[in-house]
Amino acid sequence: MLKLDQHPSGRHFLHIPGPSPVPARVLRAISYQTIDHRGPEFGELGLKLLSGMQTIFKTKHPVIIYPSSGTGAWEGALVNTLSAGDLVLMYETGHFATLWNKLAIRLGIKTEFVGMPGAEGWRHGVDAAKIEERLKADTNHQIKAVCVVHNETSTGVTSNIAAVRKAIDAAKHPALLMVDTISGLASADYRHDEWGVDVTVSGSQKGLMLPPGIGFNAISPKAIEASKKATLPKAYWAWDEILESNKTGYWPSTPATNLLYGLHEAIDMILAEGLDNVFARHQHLAKACRAAVEAWGLEVQCKDPAVYSPVLTGVRTPQGVDADALRKVIFERYNLSLGTGLGKAKGQLFRIGHLGDCNELSLLAAISGCEMGMNRFGIKLKGSGVLAAQEVLQ
Ligand code: PLP
């Protein structure tokens, strides 16, 4: 059993699907002296970050940066655009879609939580046809927004957001489109403007390779218009004051200065690699990971190859094998952290994160740790996932 007061040799292998490993460059930047957030240097940093984040979200419109977790950014999206009693269409893809739905209800928003019934819904992406059908039936436009999760971190499914936009347009419906890409941004292809998204919600601790603590709302002109009429109570999350301060690179309250140094470094690293190369690297690693799962004779949680996540792979354990007991063995013996099964998927799967600062050898180490752990646990594997992943990576 690892104890916090003991130092295990070698590094920890953090392969949960976020927080992801923070590169040394980013950690060093975070350790710089904290400066005056109202001083002259800060405004320059703020303007660079706001513009850098527009490039990452692929938007020409404003990006709100909150000192918050992703959950705060979810709340920011809803309270700025909606009023109490508004009806919102939410799509159940997994645990995080479920949590966003619950949060909306707690805020006094009415929701319709649609999706595939039962456990199956957690193995597929958003069905845009279902959204189109529901919006077409909503002839007096009661539905004010459609909310979907782009990369469902609890299952490893990346939904097609362009198809959701198309569905809303085909229904000629004015609902706002809000998308959670907390675990997709800077790992999976994402295009805020091109896909006509009104509010994109994201966070720092996944593809952006930062520690947790920054939340984002990328907002369209239509979302800003909606925010002028929305009456849900808001103060800390209100966009208007933030947008005003951001004009000169500042924030109305104290920003997370040191995390912003890290964000500056991370944006530089991502843009130096090139967004398309970052996306291709994630696809390549994900393909190798799925090859390993297949070689083991296990099932990937996502059933539809068109929406396999490049960020993480959900691996279903054989019937009767408690995935959390297995994870415990792997953590204690190999110092490797894997994601747990969440909500409805508790105990049925483990999740291998291959996002952010991840490369071929770090993925192979994780796959190897899983394989040795499963052998130790007495799971009968069909073959070697390590060899299968190597085949793909070579
Ligand atoms: N949405 C998704 C897709 C997530 O993966 C997470 C966290 O993992 C959240 C929302 C919630 O974000 P946070 O835990 O940072 O509040």
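This is a predicted model: local features need pLDDT of at least 70, side-chain atom pairs count only at pLDDT 80 or more; totals for chains, interfaces and linings use all residues.
I started with the domain assignment, automatic or from a database, which gives the chain domain 1 (13-21 + 275-393) and domain 2 (24-271). Residues are numbered from 1 along each chain as its sequence is written, and side-chain values use heavy atoms, with hydrogens and water left out.

**Entry: the interface**

I looked up the distance between the domain centres, taken over C-alpha atoms, and got 27 Å for domain 1 and domain 2. Next I checked contacts (heavy atoms within 4.5 Å): 33 residues of domain 1 touch 35 residues of domain 2.

Then I wanted the buried area, meaning the accessible area (1.4 Å probe) that two parts lose on being put together, summed over both. Between domain 1 and domain 2 it comes to about 2600 Å², and carbon and sulfur atoms give 58% of that. On the domain 1 side, Leu275, Phe279 and Lys344 lose the most area to domain 2, together 23% of what that side buries.

I also looked at polar contacts, which are pairs of N or O atoms within 3.5 Å; within protein, one must be able to donate a hydrogen and the other to accept it, and residues adjacent in sequence count only if both atoms are side-chain atoms. Domain 1 and domain 2 share 15 residue pairs of this kind, both residues at pLDDT 80 or more.

Which elements give two or more residues to the side of domain 1 that touches domain 2? I found α10 (275-296), β11 (299-300), β12 (312-316) and β14 (349-353). Helices (H or I, at least four residues) and strands (E, at least two) are DSSP runs here, numbered from the N terminus. α10 gives the most to that side, with five residues.

**Entry: salt bridges**

For a salt bridge I need a side-chain nitrogen of Lys or Arg within 4 Å of a carboxyl oxygen of Asp or Glu. The structure holds 16 of them. Glu299 sits in strand β11 and Arg123 in the loop between β4 (110-114) and α5 (128-137), so this pair ties together parts 176 residues apart in sequence. The closest N and O atoms of Glu299 and Arg123 are 2.6 Å apart. Across the interface of domain 1 and domain 2, the rule finds three salt bridges.

How exposed are the partners? I use buried for under 20% relative accessible area, exposed for over 50%, and partly exposed in between (1.4 Å probe, protein chains only). Glu299 is partly exposed at 42%, while Arg123 is buried at 8%.

I checked Glu273 and Arg281 too, and their salt bridge has its closest N and O atoms 2.7 Å apart. Glu273 is partly exposed at 29%, and Arg281 is partly exposed at 22%.

Glu194 and Arg191 pair at 3.1 Å, N to O. Glu194 is exposed at 58%, and Arg191 is partly exposed at 26%. Both belong to a network of salt bridges that links Lys58, Asp189, Arg191 and Glu194.

**Entry: Asn151**

Last stop was Asn151, in strand β6 (residues 151-152). Is Asn151 buried or exposed? Asn151 is buried, with 1% relative accessible area. The side chain of Asn151 makes a polar contact with the side chain of Thr158, at 2.7 Å. Leaving aside neighbours within four places in sequence, Asn151 is in contact with residues including Val157, Asp180, Ser309 and Leu312.
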